Amino acid sequence: MHAMKTLFMISLSLLYSYGTIVLNVPNEKEDTFLSFDKNLEVGIPITVCIRFKLKGYLTNRVIFSSKGDTFRLSLQPQEGQGWIRLNTVYVLFKIMKDYFQPYLWHHLCYTLDKESFMVIIDGEHVYQSKYSNTTLNQFTSTNMFLERTKVQQIRLGSLVSNEIGFSHYEDFKGELTELNIWNEALSKAEMMELTKTCEIANPAPDILNWSEDVTLYLSGVEDMSKVDLAQLCDQTVERRRIVQVLLNQDDAIHTCNVLNGKLAYPSTIDEYNTWKSK
């Protein structure tokens with residue numbers, strides 16, 4: 001009996017060790033920060049990956065930013081683009097306007113090296129390009145290939161508020177997890193594998209490792225949960241009923257199609273009255 005109990009405890013521990021911390025943002029009580037005792041140093045080459053799930057349709061949103069705004073990832077689907085900032089350099093990449101669906105987990109990785117950059121979304125949408133001459137000139141003039149940017153804080157889901165004022169209009173609304181940063185440019189195959197497996201990051205991130213570091217650097221945040229990593233690859237959407245009584249039939253069908261849903265029709269007067277009363 002004792003042996004069986006011990007075996008059960010060990011098995012439970014192994015299952016739980018593959019869990020990951022998921023944060024809900026925005027946090028109404030306080031800002032969601034990762035604060036580092038020793039500054040992180042980021043520069044080229046670099047690879048960054050993050051997973052997120054939206055609570056609504058993504059408009060223009062900041063996924064994360066650093067104090068001083070020297071390190072940032074923003075998505076602007078309405079303009080069909082995204083922005084990566086590293087120190088004084090901005091890198092623009094293209095995205096499809098309706099790619100990010102709500103209530104589904106998405107995975108985004110990007111890598112910057114000395115010659116080009118690459119963005120991979122959900123292991124499917126790939127944007128790869130060489131830097132423009134303007135960007136290369138900025139790299140050369142600022143020694144960006146040699147210098148490392150020191151990051152004291154990373155704010156998840158919005159811009160870090162500095163002396164310059166900013167609104168919360170671009171705050172991300174949803175869940176964020178698995179922000180990992182490598183001091184190297186991972187290959188396309190390696191980033192694809194990270195998307196598909198939903199397992200502990202391999203190779204292990206050497207700048208920021210979410211599975212090991214997040215509980216050390218994240219303090220005072222209550223709105224979090226721990227989930228099995230495998231759930232992040234389960235794209236089953238919970239059933240939701242949306243009632244919009246002012247839509248005509250064509251608009252209602254379009255709304256359901258966009259949400260990957262099905263338009264339900266009442267088949268009897270009693271059913272109609274029941275729906276109407278809810």
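Predicted model: local features only at pLDDT ≥ 70, side-chain atom pairs only at ≥ 80, totals over all residues.
**Entry 1: Arg72**

Residues are numbered from 1 along each chain as its sequence is written, and side-chain values use heavy atoms, with hydrogens and water left out.

I then looked up where Arg72 sits, and found it in strand 5, residues 71-76 (strands are DSSP runs of E with at least two residues, helices are runs of H or I with at least four, and both are numbered from the N terminus). Is Arg72 buried or exposed? Its relative accessible area is 14%, so I noted Arg72 as buried (under 20% is buried, over 50% exposed, and in between partly exposed, with a 1.4 Å probe and protein chains only). Beyond its neighbours within four places in sequence, Arg72 is in contact with residues including Phe64, Trp83, Tyr90 and Leu159 (contact means heavy atoms within 4.5 Å).

Next I traced an open sheet of 6 strands, with the order 2-11-4-5-6-7 and antiparallel pairing (two strands pair if DSSP finds at least two bridges between them). Which strands stand at the edges? I found strand 2 (33-42) and strand 7 (89-94) there; each has a single partner strand, so one side of each lacks a neighbour in the sheet.

I also checked how strand 6 (residues 81-86) meets strand 7: they run antiparallel and 6 bridges join them. Within strand 7, Lys94 is the residue opposite Gln81.

**Entry 2: strand 1**

My last stop was strand 1, residues 19-25, where 7 of the 7 residues are buried, so the strand is largely enclosed by the rest of the structure. In a regular strand, side chains alternate between the two faces of the sheet. Here I saw Gly19, Ile21, Leu23 and Val25 pointing one way from strand 1, and Thr20, Val22 and Asn24 the other way.

Strand 1 pairs with strand 13 (residues 224-228) in the antiparallel sense over 5 bridges, and Ile21 stands opposite Lys226 of strand 13. Strand 1 also pairs with strand 12 (residues 174-182), again antiparallel, over 3 bridges. There, Glu175 of strand 12 is the bridge partner of Asn24.
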